[in-house]
Amino acid sequence: MAPDETTGETPDPTGDLSSGRETRARLVEAATRAFADHGVQNASLLDITRQAGQRNRGAVHYHFGSRAGLLTTVLDQFTEVLAARERELLAAARERPDDDLGAAIEAVVRPSVEVAEGDWRGRCYLMIVAELIADDQARALDGVEEALARTGGHEVYALIVERMPALPDALREERLTLMTGFVLRAIGDRARALGGDSPRRERLDTDAFVANLVAMAAAMLRAHPLPDVPASGLPA
């Protein structure tokens, strides 16, 4: 059944738009939990359908088209809030001295930490994103890169690059990739611990966690001595 021309929403098979919205919302909620708990590729679409209270085995495909379509909808739950917070912190970072790399990194770190500490959906979201950054195959699913980019992080990373030491292109990209993975894994681990009953160690408060993570990420990008890497990034 095609989406309604006025709302763009997909009704359920009976033609009821409100029921279609409710079904989509339940599927997104179930998928948010399942992708975080079991992994983007391993989560069962059938189990997600059942957890959403749907008897139609094809409900995910009917409403979202595919696993990738469902995943991008899950990711888009936080696009607007992350983009707005990143823009706010980016503006503040641009007011800082040109060598203040930490202020630029904070515009990546703090919004993600705030989302992770908001509620269970935020915690699950960060665990999903951390997995996607580490798993090229999962990130290659249709529309996923675009969904991740919609938070507006490209401008923040441009400022980070401006404030990094001068490096060969290949080395700069390697450091940015490693830094991003480190930051998201750290936030994802914190999110996972926040959802548990008995943390293994005492946790830092939010500001201390952010400040420590920013300092460690900045140190990764500024690390010395530099390895002997040709400008091309290829072996000499």
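Guide: This is a predicted model.

Visitor: What makes Asp100 count as buried?

Guide: The cut-off for buried is under 20% relative accessible area. Asp100 has 18%, so it counts as buried. The residue is placed in the loop between H5 and helix H6 (101-116).

Visitor: Why is the pair of Asp100 and Arg96 called a salt bridge?

Guide: The closest N and O atoms of Asp100 and Arg96 are 2.9 Å apart. The limit is 4 Å between a side-chain nitrogen of Lys or Arg and a carboxyl oxygen of Asp or Glu, so the pair qualifies. Arg96 is partly exposed, at 47% relative accessibility.

Visitor: Which backbone nitrogens does the side chain of Asp100 reach, and why do they count as polar contacts?

Guide: The backbone nitrogen of Ala103 is reached at 3.0 Å, and that of Gly102 lies 3.4 Å from a polar atom of the Asp100 side chain. Polar contacts need N or O atoms within 3.5 Å, so both distances fall inside the limit.

Visitor: What makes Asp47 and Arg50 a salt bridge, and where do they lie?

Guide: Their closest N and O atoms are 3.7 Å apart, and the limit is 4 Å, so the pair counts. Both residues lie in helix H2 (residues 45-51), 3 residues apart, about one turn of the helix.

Visitor: How many salt bridges does a search of the whole structure find?

Guide: The search finds 15.

Visitor: How many aromatic pairs are found, and what makes the pair tilted?

Guide: The search of the whole structure finds 1 aromatic pair. The ring centres of Phe78 and Tyr125 are 4.9 Å apart, and their planes stand at 50 degrees. Centres must lie within 6.5 Å, so the rings pair; an angle under 30 degrees would be stacked and one over 60 edge-to-face, so 50 degrees is tilted. Phe78 lies in the loop between helix H4 (67-75) and H5, and Tyr125 in helix H7 (residues 120-134), 47 residues apart. Both Phe78 and Tyr125 are buried.

Visitor: Which charges sit over rings, and at what distances from the ring centre?

Guide: Arg33 lies over the face of Trp120, at 3.7 Å from the ring centre. The charged end of Arg190 sits over the ring of Phe209, 4.4 Å from its centre. The distance limit is 6 Å, and both values are within it.

Visitor: What can be said of the chain as a whole?

Guide: The chain has 12 helices and 0 strands. Of its 236 residues, 43% are buried. Among contacts between residues at least 6 apart in sequence, 70% join residues at least 24 apart.

Technical notes: Residues numbered from 1 in each chain as written. Predicted model: local features only at pLDDT ≥ 70, side-chain atom pairs only at ≥ 80, totals over all residues. Heavy atoms only, no water. Helix = DSSP H or I, 4+ residues; strand = E, 2+ residues; numbered from the N terminus. Buried < 20%, exposed > 50% of the residue type's maximum accessible area, 1.4 Å probe, protein only. Contact = heavy atoms within 4.5 Å. Polar contact = N/O pair within 3.5 Å; in protein donor to acceptor, adjacent residues only side chain to side chain. Phe/Tyr/Trp six-rings, centres within 6.5 Å; stacked < 30°, edge-to-face > 60°. Lys NZ or Arg CZ within 6 Å of the ring centre and 35° of its normal.
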